[in-house]
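Colleague: I have a model open here and would like to go through it with you. Could you start with one of the helices?

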Amino acid sequence: MENVDYIIVGDGYASLFFAHQLIKNNKSFVVFSEEKESASRVSAGIINPVVLKKFTTFWKAQEQIDFLKETLKEIEKYTGQNYLIDAPIHRIFHDENEQQLWLKKSSNDELVHFLDQNFTHLDLAQNDFNSGKVNQSARLDVKGFFVGLFDFLENHKHLLKEKFNYSDINTSDHTYKNYQYKNILFCEGMGVKNNPFFSEIPVNPNKGHHIKVKLSQTLPENITIKKKHFLFPIDDERYFYGGTYDREQLHHEIDSSAVEQLTNGLKEFYPEDFSVEEVNFGFRPTVKDRRPIIGRHHKHHDMYVFNGLGARGILNGCYFSRSLYDYIEKGIPLHQEIALERFTS
Ligand SMILES: Cc1cc2nc3c(=O)[nH]c(=O)nc-3n(C[C@H](O)[C@H](O)[C@H](O)COP(=O)(O)OP(=O)(O)OC[C@H]3O[C@@H](n4cnc5c(N)ncnc54)[C@H](O)[C@@H]3O)c2cc1C
């Protein structure tokens with residue numbers, strides 16, 4: 001029997017950012033990965049403190065951005081790689097009203113550090129009303145992040161490439177197969193619906209597609225352009241454009257209407273030819289009040305859930321992994337905004 005402080009089930013942002021807390025604090029743990037294409041691996045990697053429809057911000061945005069940057073520096077120390085791409089978002093304005101709204105909001109205390117007051121004209125994109133730059137926005141190198149962290153976990157014997165089987169947990173002995181655990185953390189994204197201990201938590205799938213495209217004329221700079229969806233370069237040849245949102249068509253196949261929505265969206269501001277090289281999709285675990293769900297099982301006090309990261313998996317996953325760690329290890333209460341109890345009491 002091997003003793004571990006934690007078993008983590010799942011291998012997306014929730015799992016990996018929590019694993020980082022454990023690495024930092026010298027805890028022993030194993031991560032179960034069924035090696036499926038997670039929502040996290042499909043994600044665009046956008047790190048954005050602004051809601052770009054209404055030009056508003058959200059709860060703890062500045063703290064979340066600062067904490068993510070600090071965390072990525074810590075991860076860089078032990079994986080040897082930087083995963084933060086300094087490529088700000090440029091939001092193309094639809095009309096003059098949007099420009100005026102942006103300017104008005106940019107002097108709000110909450111937004112002054114995020115909405116740049118100088119507008120930019122983007123070459124090679126249709127932007128008759130220019131674009132506004134979101135300061136402090138960036139991108140995560142999603143592929144690099146998963147390769148780097150998985151290599152580290154594997155090399156340090158923290159990674160088990162197998163599906164976690166719930167019926168093999170012995171809740172009275174606190175064992176799973178040949179592991180004696182102190183705590184089990186469930187981070188399965190939408191896979192939580194198969195978890196007999198937490199299947200009732202109110203997370204709902206929101207399906208997102210993205211396309212990878214070849215542009216006939218490459219864009220001049222490594223920036224992220226936002227109109228309808230996000231466009232940015234992923235390598236020398238290809239660009240990422242996405243993602244869509246759909247709560248209705250939840251089958252596990254590519255949806256042609258989503259691909260059409262994306263190609264039409266891109267044509268709106270990219271006037272040259274392009275070809276679609278690849279289509280991917282994933283299911284965001286979303287919650288009605290747009291806040292994560294974090295907490296302890298009401299009966300099994302060594303079981304925890306970390307889910308509901310929604311459309312902001314990177315910021316939410318990173319920031320709230322520390323809240324969860326502090327809750328379990330130091331007894332610091334969770335904010336009621338993210339606590340599981342908001343649904344159970
Ligand atoms: C198209 C798209 C674009 C997105 N873009 C962004 C973006 O730009 N920025 C951003 O911040 N967020 C983005 N998101 C949202 C983000 O991806 C999600 O919030 C995040 O991935 C959720 O992470 P998670 O760890 O909770 O779940 P997941 O990433 O779904 O990971 C859960 C993992 O657990 C595994 N698992 C489940 N059950 C078991 C089991 N029994 N045994 C072993 N493993 C198991 C699953 O296979 C899965 O790999 C995007 C999402 C989509 C779909």
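Modeller: Helix H7 has these buried residues: Gly 313, Ile 314, Leu 315, Asn 316, Gly 317, Cys 318, Tyr 319, Phe 320, Ser 321, Leu 324, Tyr 325 and Tyr 327. A residue is buried if 20 or more other C-beta atoms lie within 10 Å of its own, exposed if 12 or fewer, and partly exposed in between, with C-beta atoms placed from the backbone. This is a predicted model, in which local features need pLDDT of at least 70 and side-chain atom pairs count only at pLDDT 80 or more, while totals for chains, interfaces and linings use all residues. Residues are numbered from 1 along each chain as its sequence is written.

Colleague: What span does H7 reach from its first C-alpha to its last?

Modeller: H7 covers residues 313-330, which is 18 residues, and reaches 24 Å, close to the 26 Å expected at 1.5 Å a residue; the expected span is 1.5 Å times one less than the number of residues. Helices (H or I, at least four residues) and strands (E, at least two) are DSSP runs, numbered from the N terminus.

Colleague: Where is the kink in H7 centred?

Modeller: The kink, of about 25 degrees, is centred on Phe 320, the bend being the angle between axes fitted to the seven residues ending at a residue and the seven starting there. After H7 comes Gly 331, with a positive phi near 70 degrees.

Colleague: Changing topic, what is the strand order in the open sheet of 7 strands?

Modeller: The order is E8-E7-E15-E16-E17-E14-E18, with mixed pairing, where two strands pair if DSSP finds at least two bridges between them. Strand E8 (131-134) and strand E18 (274-286) are the edge strands, each pairing on one side only.

Colleague: In which sense do E7 and E15 pair?

Modeller: Strand E7 (residues 89-92) and strand E15 (residues 224-227) pair in the parallel sense over 3 bridges, and Arg 91 stands opposite Lys 226 in E15.

Colleague: And which strands make up the sheet of 3?

Modeller: That open sheet has the order E3-E9-E6, with antiparallel pairing. Strand E3 (46-47) and strand E6 (84-85) each have a single partner strand, so one side of each is left without a neighbour in the sheet. E6 is joined by 2 bridges to strand E9 (residues 138-140), and Ile 85 stands opposite Arg 139 in E9.

Colleague: Last one, how many helices and strands does the protein chain have?

Modeller: The protein chain has 8 helices and 20 strands. Of its 345 residues, 41% count as buried, and its C-alpha trace spans about 65 × 45 × 40 Å along the principal axes.
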